[in-house]
Amino acid sequence: MAMKPKEKIREKDSEFQDRLIAVNRVSKTVKGGKNMSLAAIVIVGDGRGRIGYGTGKAKEVPDAVKKATEAAKKNLITVPLKDGRTLHHDIIADFGAGKVILRSAKAGTGIIAGGPMRAIFEVVGIKDIVSKSQGSNNPHNMLKATFAALESIASPKSVAARRGLKMSDLIARRDGKKAAEQAETAEETTEE
């Protein structure tokens with residue numbers, strides 16, 4: 001009877017995906033000259049709405065990336081996704097001189113974004129979104145503005161809980177309001 005060789009069971013340390021956003025060479029001027037080091041920005045996400053970012057500095061790139069990844073795992077936020085693919089509502093946010101506009105999109109649209117925002121949306125699990133960045137295109141500002149936008153997104157369930165309503169009441173109010181608005185516009189057009 002032939003024995004099978006032992007298969008190496010490789011344990012996955014986490015369910016997170018990570019993306020390196022930027023690596024920058026920085027220096028600190030001291031009495032004896034300049035101390036050079038590398039700064040890295042990393043985002044991590046599980047593809048199901050959890051995401052975090054972190055920065056790390058070290059003499060070598062792998063050490064800086066490792067520090068940034070550990071920092072990112074400590075700073076996770078949860079983003080409520082509509083149907084597991086897009087945002088519940090449009091949002092505008094800014095940080096410093098950077099401003100981002102995020103709009104929910106229909107199924108099949110894909111990710112329309114550039115720079116660090118595309119990586120953020122891929123890692124968080126957003127599949128359909130239209131975004132625009134204005135002002136500074138510095139990776140730090142774009143990243144922090146995008147995170148500010150994602151943190152301020154509210155799901156209908158959380159809005160109903162905050163208002164002390166049931167989801168059905170909230171939806172009925174919204175639908176009733178839309179019906180009233182449509183009736184008003186219909187009356188205005190018939191009067192003209």
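1. G125 touches G47, L81, G84 and R85, leaving aside residues up to four places away in sequence. Contact here means heavy atoms within 4.5 Å. This is a predicted model: local features need pLDDT of at least 70, side-chain atom pairs count only at pLDDT 80 or more, and totals for chains, interfaces and linings use all residues. Residues are numbered from 1 along each chain as its sequence is written, and side-chain values use heavy atoms, with hydrogens and water left out.

2. Where is G125 found? G125 sits in the loop between α2 (116–124) and β8 (129–135). Helices (H or I, at least four residues) and strands (E, at least two) are DSSP runs, numbered from the N terminus.

3. Is G125 buried or exposed? G125 counts as buried because its relative accessibility is 7%. Buried means under 20% relative accessible area, exposed over 50%, partly exposed in between (1.4 Å probe, protein chains only).

4. S37 belongs to strand β2 (residues 33–45). S37 is buried too, at 15% relative accessible area. Not counting residues up to four places away in sequence, S37 touches N24, R25, V26, K57 and A58.

5. Now the sheet. Four strands form an open, mixed sheet in the order β5-β6-β8-β7. β5 (91–95) and β7 (111–112) each have a single partner strand, so one side of each lacks a neighbour in the sheet. Strands pair if DSSP finds at least two bridges between them. β5 and β6 (residues 98–104) pair in the antiparallel sense over five bridges. I92 has I101 in β6 as its bridge partner.
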